[in-house]
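My entries follow the structure.

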Amino acid sequence: MWRQWIPFWRPGLSPHSGDVDLLFAGLLIASALVLALLFFLLVLFCARYRAGNQIDRDHRVKKSWHWEVSWTAASFVCFLGLFVWGASVYFQIYRTPADDNDVFVVAKQWMWKTQHPGGQSEIDALHIPVKRPVRLVMASQDVIHSFFIPALRLKHDVVPGRYQDLEIEVDKPGHYHLFCAEYCGTDHSGMIGEIVAMEPADFSNWLTQQAPSSPLASEGGQLFRELGCSGCHGGGGTIRAPPLEGVYGKPVPLSDGTTVIADDKYIRDSILMPRSQVVASYQPLMPSFEGKVSEDQLLRLVIYIKSLAGHPS
């Protein structure tokens with residue numbers, strides 16, 4: 001509320017973009033004040049002690065630890081305040097988002113592929129409803145990319161081998177530029193797209209008008225069976241493997257005595273590196289699927305296993 005009293009204040013297009021603008025303005029003002037003080041002292045001493053000026057130079061000012069300590073402490077407090085301010089904005093923007101409304105993003109040279117839980121997919125575009133937080137689950141298929149929406153003051157690296165979460169929310173309908181802010185190869189400059197923010201009713205109509213497709217959880221279940229995972233994890237096979245029903249989000253005891261939460265990263269690592277975290281009382285018999293499944297297929301498998309625990313997919 002207090003921000004509305006600032007002259008020329010504009011709230012921004014998302015709940016946090018105005019905070020980022022204010023922080024940026026604060027950094028500029030602090031830097032300008034320090035620069036102005038330095039130039040003022042530089043000009044003052046150049047004019048006062050220039051060659052030919054008949055000023056008395058015999059009375060040198062003795063060093064005073066009071067001035068040294070005061071100046072250092074004031075600078076420390078000023079920039080510590082800026083650090084705390086920036087950290088609070090950072091944690092507000094990049095807090096762990098809720099997983100009620102997920103959209104999956106796969107970055108690859110040189111395109112953004114986005115997929116909605118219902119199976120609707122887009123290339124270099126993402127349609128979202130306004131005034132509704134959307135959690136992006138992002139992965140890279142090849143090199144490091146960076147998901148950058150300048151209008152929302154949001155940027156997040158997308159690193160191979162990891163899942164990154166980012167919550168976005170737009171307050172006004174419109175089309176907003178999407179860039180890759182990390183040099184990712186020859187055609188990096190062409191890796192652009194747009195975020196299309198729509199009224200909730202228009203967004204629902206848009207979803208229903210897309211090409212018919214099956215939900216990602218269903219596709220993940222089909223892939224689960226095609227890869228033969230159900231033969232061991234289904235309970236009917238000769239190989240004893242941990243059951244997956246209800247495991248997502250729960251603590252899993254490991255053979256080394258530690259415990260891990262079964263989140264997206266754990267499931268992904270268990271598929272690609274099954275012997276890195278072996279479940280207690282089970283043998284490390286599962287082969288790695290690294291190189292056998294793409295990032296798109298990995299996402300579908302994770303969503304399927306997540307759906308077995310009753311989580312929205």
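I first looked up what covers the buried residues of helix 7, and the list includes strand 1 (102-108), strand 2 (111-115), strand 5 (134-140), helix 4 (216-226) and helix 6 (264-272). I note that this is a predicted model, in which local features need pLDDT of at least 70, side-chain atom pairs count only at pLDDT 80 or more, and totals for chains, interfaces and linings use all residues. Residues are numbered from 1 along each chain as its sequence is written, and side-chain values use heavy atoms, with hydrogens and water left out.

Helices (H or I, at least four residues) and strands (E, at least two) are DSSP runs, numbered from the N terminus.

**Helix 4 against helix 7**

I found that the axes (lines fitted to C-alpha atoms over the stretch in contact, with angles from 0 to 180 degrees between N-to-C directions) of helix 4 and helix 7 come within 7 Å and cross at roughly 100°. The two helices are therefore roughly perpendicular (65 to 115 degrees) to each other.

**Ser146**

I then turned to Ser146 in strand 6 (residues 145-149), which is buried with a relative accessible area of 1%. Leaving aside neighbours within four places in sequence, Ser146 is in contact (heavy atoms within 4.5 Å) with residues including Trp112, Asp157 and Phe179.

Terms used: Parallel < 35°, antiparallel > 145°, perpendicular 65-115°, else oblique. Buried < 20%, exposed > 50% of the residue type's maximum accessible area, 1.4 Å probe, protein only.
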